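This report is written for a reader who meets the structure below for the first time. Please look it over before reading on.

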Amino acid sequence: MTWHLGHLCAFDTETTGVDVESDRIVSAAVHAVGSGDQYGHEWLADPGVEIPAEATAVHHITTEHAREHGDSAELVVDQVAEALAQWAGEVGAPIVGHNIAFDLTLLDRECRRYGLLTLQDRMLGRPLHVVDTRVLDQHAVPYRRRVSETQGARQLITLAQFYDLPWDDAAAHGCSYDALVAARVAYRIGQLAHMRRRDWPERVLAERRLRFHAFRDLTLAELHALQVELAAEQAAGLQKHFRKTDPNAVVDGAWPLRPWAEPTTDSTEPEGATA
């Protein structure tokens, strides 16, 4: 069975911000689709910190709402990691998402924050396969332009439009909605990879240097390994672009999880310190 025709475990989070080392999960969704089975669950967490107004403007979850209706962050993080481990480890489904390295890294840091087993620990040595629609799309359609000043070439809405999927602005940025759209995009990419070029839709053929066939006939392990390489290449290209204006710009190309660095404590007191 080709990789897009089996189970796909869609995953997405809404958060307090974009720093994976310090921000918190506010809501999360895990939806397993394909092969006749259907599973879906969404969690709302009280992150234990204030949700900034900028984050609320994106996902519409306020601090007050999360505190009143959310479960404890520790419970939510534990249940999300366990659901992913069951589908990825026991069933063997790939975890699918858009810019998934952000969500998986944030989940990893949340597990560590509460002293919980990480997703990798819960896999018990079984392989973790991941499908990132941003990485796949950027390789398959490398020269797509921005849609507008406010809509980028690689945003999930842009991919939905390109792959002829419905988009609901009111539902967007809800974790369940975004997770399921990402799974549908992954499925469409898999379809195109296995179609003859002359059968591709006109909107696809209108783009330049299409490379969907790079994903053809790959096992999940091979697709995962390819994305590790592609993500590193894409990050290096973006870093080169940023350094035209900022010589110190750094773009982390680690995928699908940014390495964990144990916190270090400096026992040296500053000069002039007193007891």
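Leaving aside neighbours within four places in sequence, Tyr163 is in contact (heavy atoms within 4.5 Å) with Asp137, Val141, Arg144, Val185, Arg188, Ile189, Leu192 and Phe212. The model is a predicted one, in which local features need pLDDT of at least 70 and side-chain atom pairs count only at pLDDT 80 or more, while totals for chains, interfaces and linings use all residues. Residues are numbered from 1 along each chain as its sequence is written, and side-chain values use heavy atoms, with hydrogens and water left out.

Tyr163 is also, together with Phe11 and Phe212, among the residues with the most contacts inside the largest nonpolar core, which has 68 residues. Such a core is a set of buried Ala, Val, Leu, Ile, Met, Phe, Trp, Tyr and Cys residues joined through side-chain atoms within 4.5 Å, where buried means under 20% relative accessible area with a 1.4 Å probe and protein chains only. Helix H8 (residues 175–193) gives the most to this core, with ten residues; helices are DSSP runs of at least four residues (H or I) and strands of at least two (E), numbered from the N terminus. A second, separate core of six residues includes Leu44, Ile51, Ala55 and Ile61.

The strand pairs, for which DSSP must find at least two bridges between the two strands, are set out here.

| Strands | Bridges | Direction | Opposite residues |
|---|---|---|---|
| E2 (residues 25–33) and E3 (residues 39–46) | six | antiparallel | Ala28 and Trp43 |
| E3 and E4 (residues 71–72) | two | parallel | Ala45 and Asp71 |

Technical notes
Buried < 20%, exposed > 50% of the residue type's maximum accessible area, 1.4 Å probe, protein only.
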